[in-house]
Amino acid sequence: MASESLGMEAGAEKSDGLVFHPMDQFIVKPFFGEGAVGTFTFTNSSFWMVMTVLAATALLVLGTSGRSVIPSRIQSIAELCYGFIRKMVEDVAGKDALPYFPYIMTLFVFIIFANFLGLLPGAFTPTSHIAVTAILAMAVFLTVTVMGFVKNGAGFLGLFWVSSAPLPLRPVLALIEVISYFVRPVSHSIRLAGNMMAGHAVIKVFAAFAPMILLSTGLGLLVTPLSILAITAVYALEVLVAFIQAYVFTILTCVYLKDALHPHH
Amino acid sequence: MATEATQTGHVSPVSLEEAGVCVDSHGGAIGMPQLCGEWMGNQIFWLLLTLVVLYFVLSRVALPRIEAILAERQGTITNDLAAAEDLKVKAEEAEQAYQKALADARAEAQAIVAEAKAEIQADLDAATAKADAQIAAKAAEGEKKIAEIRETALDNVKAVAKDTAKEIVAAMGGKADARTVTAAINARMKG
């Protein structure tokens with residue numbers, strides 16, 4: 001890894017000065033005590049997934065417990081969230097996709113809360129792990145594919161047969177369409193995990209430069225404020241990315257759902 | 001770190017990573033922790049568990065509740081709009097009644113004003129006529145007096161002229177006959 005070799009170089013140059021471990025934050029370890037990570041071990045990842053569910057419950061269940069016609073602040077955020085995703089499902093996938101709205105809402109709420117909670121200092125971000133996002137993406141992919149065949153039968157294959165293209169081109173296009181269809185879960189999952197991982201790693205790299213002032217006053221006066229500024233800027237960007245990636249994941253799910261419900265171009 | 005690793009290091013991190021070890025002897029990450037197969041099962045298990053819980057929380061509690069809240073709000077808004085429509089119609093009716101009352105009152109007021117004006121005009125006309133008559137009478141009387149005064153003034157002028165003429169004639173050494181002088185004066189005064 002580039003960052004790691006950078007860390008080693010820096011460590012070697014500055015004796016035991018700056019310490020670069022940008023990837024350590026992604027290590028999964030038991031939440032209580034030490035030991036190996038088994039399948040059912042309650043890990044830091046599990047903890048933040050549970051926190052995600054609790055935070056989502058706090059917003060969407062406790063926040064709406066007033067059931068007031070004139071909403072409180074928290075209730076209006078919950079309503080905004082509901083309306084945002086419901087409108088997205090309706091606009092992108094169509095009215096007949098509304099039965100799947102709770103499923104899409106679950107994905108969105110899980111991802112956005114995991115992303116935002118992961119931005120808390122010291123937190124673990126479950127969505128920065130490809131294992132997590134791959135399951136999310138595969139769940140969408142399998143659901144959509146199975147549903148496409150159940151709803152349309154063999155007609156679902158019409159998705160790959162571009163009837164608006166000239167006849168000789170259609171087999172070639174069909175091949176491309178099939179490949180792109182199977183690449184969907186890969187790009188769907190790596191986009192989210194990659195964005196979350198990259199931002200967090202960059203913040204850590206900048207953070208490793210911050211103690212420069214303790215090593216050399218002259219260089220530190222320049223480097224330390226710059227690195228703190230950079231951390232702040234990247235953090236602001238990450239806040240944006242945390243929302244945008246949840247949004248992108250959700251809207252792509254809606255697009256795939258639309259393909260399954262209406263496979264004809 | 002690097003120096004320590006070489007001191008204690010029995011194997012290089014790369015070979016550790018190849019051997020499927022995800023963490024070095026100091027607890028640091030080797031390579032990308034995301035690719036560590038050892039942790040994937042755990043994450044998948046907890047992800048499925050939390051997702052299922054979240055799905056049931058949302059689909060059984062949160063979403064129906066929010067939907068009910070939104071529907072209730074929509075209902076309230078519709079009812080309020082209908083009530084507002086009713087009130088608006090009532091307000092329009094009230095305004096029409098008010099406008100009608102205002103127009104009636106205005107017409108009545110105009111009638112009263114016209115009547116009063118006519119009455120005043122009649123009184124004024126009568127008073128004017130009376131005053132005109134009085135003025136005419138006074139003017140006639142005044143004219144008569146002026147004529148009288150003019151008459152007497154003419155006679156006085158004649159008498160003074162006669163006396164003066166007689167005295168002048170006498171002073172010139174002439175002998176004035178009263179009748180001739182009077183005739184001459186009268187002739188002069190006519191001319």
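1. In this predicted model, A:Asp91 counts as exposed, at 51% relative accessibility. A:Asp91 forms a salt bridge with A:Lys87, with the closest N and O atoms 2.7 Å apart. A:Lys87 is also exposed, at 52% relative accessibility.

2. A second salt bridge joins the side chains of A:Arg184 and A:Asp259, at 2.5 Å from N to O. This pair links distant parts of the chain: A:Arg184 belongs to helix 6 (residues 170-209) and A:Asp259 to helix 8 (residues 217-261), 75 residues apart. A:Arg184 counts as buried at 15% relative accessibility, and A:Asp259 is buried at 12%.

3. Between the chains, A:Glu79 and B:Arg73 meet in a salt bridge of 2.7 Å, N to O. A:Glu79 lies in helix 3 (residues 73-93) of chain A and B:Arg73 in helix 3 of chain B, so the contact joins two chains. A:Glu79 is buried, with a relative accessible area of 9%; B:Arg73 is buried at 16%. Over all chains, the count of salt bridges is four.

4. Chain B contains four helices and zero strands. Of its 191 residues, 14% count as buried. The chain exposes about 14200 Å², of which carbon and sulfur atoms supply 62%. Among contacts in chain B between residues at least 6 apart in sequence, 16% join residues at least 24 apart.

5. Chain B also carries a negative surface patch, formed by B:Glu85, B:Asp86, B:Glu92, B:Glu93 and B:Glu95. B:Glu95 is located in helix 3 (residues 37-171) of chain B and is partly exposed, with a relative accessible area of 45%.

Terms used: Residues are numbered from 1 along each chain as its sequence is written. Chains are lettered from A and ligands numbered from 1 in the order in which they are written. This is a predicted model: local features need pLDDT of at least 70, side-chain atom pairs count only at pLDDT 80 or more; totals for chains, interfaces and linings use all residues. Side-chain values use heavy atoms; hydrogens and water are left out. Patches are made of residues with over 30% relative accessible area and no salt bridge: like charges are joined within 9 Å, nonpolar side chains (Val, Leu, Ile, Met, Phe, Trp, Tyr) within 5 Å. Accessible areas come from the Shrake-Rupley method with a 1.4 Å probe; for residues, only the protein chains shown count as cover. Lys and Arg count as positive and Asp and Glu as negative; His and the chain ends are not counted. The place of a charge is taken as NZ of Lys, CZ of Arg, CG of Asp or CD of Glu. Buried means under 20% relative accessible area, exposed over 50%, partly exposed in between (1.4 Å probe, protein chains only). Contact means heavy atoms within 4.5 Å.
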